[in-house]
Amino acid sequence: MSTPAVSHAGARQGRLLTLWTPEDKQFWEREGEAVAKLNLWISVPALFLAFAIWQVWSVVAVNLPALGFKYSTNQLFWLAAAPALSGATLRIFYSFMVPVFGGRRWTALSTASLLIPAIGIGVAVQDNTTSYPTMLILALLCGLGGGNFSSSMANISFFFPKERKGSALGVNAGLGNLGVSVVQFLSPLVITAGIFGIFGGEAQTIVKNGEHTQVWAQNAAFIWVPWIAIASIAAWFGMHDIADAKASFAAQAAIFKRKHNWLMCVLYLGTFGSFIGFAAGFPLLIKSQFPDVNPLAYAWLGPLVGAVIRPFGGWLSDKVGGGVVTFWNFIVMALAVLGVLYFLPKGAGGYALPFGPQEGSFGGFFVMFLMLFLTTGIGNGSTFRMIPVIFLTQKLNELRGNDDAAKAQAIKDGNTEGAAAVGFAGALGAYGGFFIPKSYGSSIAATGGPEFALWMFAVFYTLCIVITWWYYARKNAEMPC
């Protein structure tokens with residue numbers, strides 16, 4: 001389809017883009033690519049901060065006992081898992097916000113909302129008499145960061161043409177996912193000094209290796225406050241809203257009648273759900289299975305690997321097809337889970353492999369988990385490349401006739417549904433951040449070890465292999481992509 005040339009000024013009204021046709025190569029080369037990249041590179045740090053706030057409890061919860069908080073182990077598990085529960089639920093609503101409010105407005109406001117849990121946690125951890133319900137509320141409020149992912153990905157998907165969506169979404173999500181790793185790496189460092197002076201509150205005293213040490217636990221939350229403010233302002237003044245992206249909830253709700261929406265939700269639960277769930281539960285799993293190992297020295301490396309490789313998953317899928325990449329990726333994930341089971345200490349739970357080192361091997365366990373994080377990252381990129389392509393292809397296949405107006409409407413509808421599906425899949429996938437840590441805890445409580453939970457993961461990945469092969473990867477598949 002060819003779009004008549006429109007001047008750069010005539011295509012805008014302030015921060016509103018009244019003309020946006022990225023599938024038109026002339027428009028894309030003339031002005032579309034520069035605008036799309038500007039919005040992408042403002043979106044990335046905003047999403048990075050959202051992930052940092054979402055996962056800050058994976059570190060804070062580990063340190064609370066040393067600060068004098070009298071919470072049980074089960075309560076600490078809940079604090080680590082609660083942000084994923086609320087974040088996944090908020091994602092369902094955030095999925096549909098961009099076409100209703102506009103990507104610029106929603107990005108700025110949703111990023112600014114992260115100030116609430118960041119400041120709240122910084123204040124609460126300074127007083128070890130803070131009640132558990134207060135801490136649980138603050139943990140649930142961190143879900144505001146989790147919700148941002150769905151709206152951010154839906155927004156960026158509108159800006160790029162079909163052949164660039166995988167790479168663009170991979171960059172946005174991959175660099176955004178780095179917030180998980182950075183918060184786990186940076187938090188133990190920033191709490192060691194009073195970097196905010198009189199504005200940061202008093203130090204707390206903890207006993208470590210028999211020695212009294214001063215820490216500023218509030219810094220793990222306060223360190224993000226100025227950056228959140230800057231990112232919110234940058235989004236408000238630097239990003240754009242797209243007039244053609246405006247759509248009612250009813251128009252977006254068409255995805256609930258689409259079979260491929262639900263199938264891709266399952267696949268994304270297997271990739272991103274695994275990434276965020278493994279990230280949230282990795283420190284506690286290391287601590288429970290290898291007590292002599294400092295979990296915070298290693299846990300951040302897993303999310304780092306998964307985040308850095310995600311753009312490669314999107315790029316590779318643009319080249320060879322998302323279905324093919326996703327299919328082989330799930331095979332490797334299932335094998336990596338078996339590797340984790342092999343290297344775990346052999347407990348009395350009855351679900352361990354009958355072979356492997358009796359005392360376990362942390363080195364082998366860690367390498368297998370790095371492989372899992374690597375494949376979750378690649379799969380995150382490949383599945384998110386698949387979704388917008390599936391919905392755009394579906395709409396174009398439904399076309400009767402070949403006039404420009406009908407084709408333009410099909411592209412608009414396909415992009416709208418694809419963006420909504422990207423957000424909704426992100427919402428359901430995020431529940432993995434709750435179920436994986438809780439499944440570890442439930443498996444340990446019921447059987448004495450995490451092996452049963454890991455076997456269930458392997459079974460689920462096998463289901464994902466079958467779905468991907470049948471619908472997307474085999475010869476004559478229903479929707480090759």
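**Reading burial, salt bridges and a domain interface**

Colleague: At 11% relative accessibility, does threonine 107 count as buried or exposed?

Modeller: Threonine 107 counts as buried, because its relative accessibility is 11% and the cut-off for buried is under 20%. Keep in mind that this is a predicted model.

Colleague: Where is threonine 107, and what is it in contact with?

Modeller: Threonine 107 sits in helix 5, residues 103-112. Setting aside neighbours within four places in sequence, threonine 107 is in contact with Ala46, Asn155, Ala235 and Met239.

Colleague: On to salt bridges. How many does the whole structure have?

Modeller: A search of the whole structure finds 12 salt bridges. Take glutamate 33 and lysine 37, whose closest N and O atoms are 3.3 Å apart. That pair counts as a salt bridge because the cut-off is within 4 Å. Both residues lie in helix 1, four residues apart, about one turn of the helix. Glutamate 33 is partly exposed at 23% relative accessible area, and lysine 37 is partly exposed at 36%.

Colleague: Which salt bridge links distant parts of the chain, 219 residues apart?

Modeller: Glutamate 478 forms a salt bridge with lysine 259, with closest N and O atoms 2.8 Å apart. Glutamate 478 is in the segment after helix 19, while lysine 259 is in helix 13 (residues 259-289). Glutamate 478 is partly exposed, with a relative accessible area of 44%, and lysine 259 is partly exposed at 41%.

Colleague: And are glutamate 417 and lysine 395 buried or exposed?

Modeller: Both glutamate 417 and lysine 395 are buried. Their side chains meet in a salt bridge at 3.5 Å, N to O. Glutamate 417 comes from helix 17 (residues 404-429) and lysine 395 from helix 16 (residues 362-397), 22 residues apart.

Colleague: How should I read the two domains?

Modeller: Start with the bounds, then look at the area and the residues. The domain assignment gives domain 1 (16-246) and domain 2 (249-480). Their C-alpha centres lie 21 Å apart, and the contact takes 48 residues from domain 1 and 48 residues from domain 2. Together the domains bury about 4200 Å², 72% of it on carbon and sulfur atoms. Phe77, Phe96 and Lys162 supply 15% of the area that domain 1 buries against domain 2, more than any other three residues.

Colleague: How many salt bridges and polar contacts are there between domain 1 and domain 2?

Modeller: The count of salt bridges between domain 1 and domain 2 is zero, and eight residue pairs are in polar contact across the interface. Elements giving two or more residues to the domain 1 side include helix 1 (25-55), helix 3 (73-94) and helix 9 (165-190). Helix 9 gives the largest share of that side, 15 residues. By type, the domain 1 side divides into 25 nonpolar, 15 polar and eight charged residues.

Technical notes: Residues are numbered from 1 along each chain as its sequence is written. This is a predicted model: local features need pLDDT of at least 70, side-chain atom pairs count only at pLDDT 80 or more; totals for chains, interfaces and linings use all residues. Side-chain values use heavy atoms; hydrogens and water are left out. Buried means under 20% relative accessible area, exposed over 50%, partly exposed in between (1.4 Å probe, protein chains only). Contact means heavy atoms within 4.5 Å. Domain bounds come from an automatic or database domain assignment. Buried area is the accessible area (1.4 Å probe) that two parts lose on being put together, summed over both. A polar contact is a pair of N or O atoms within 3.5 Å; within protein, one must be able to donate a hydrogen and the other to accept it, and residues adjacent in sequence count only if both atoms are side-chain atoms. Ala, Val, Leu, Ile, Met, Phe, Trp, Tyr, Cys and Pro count as nonpolar, Asp, Glu, Lys and Arg as charged, and the others, Gly among them, as polar.
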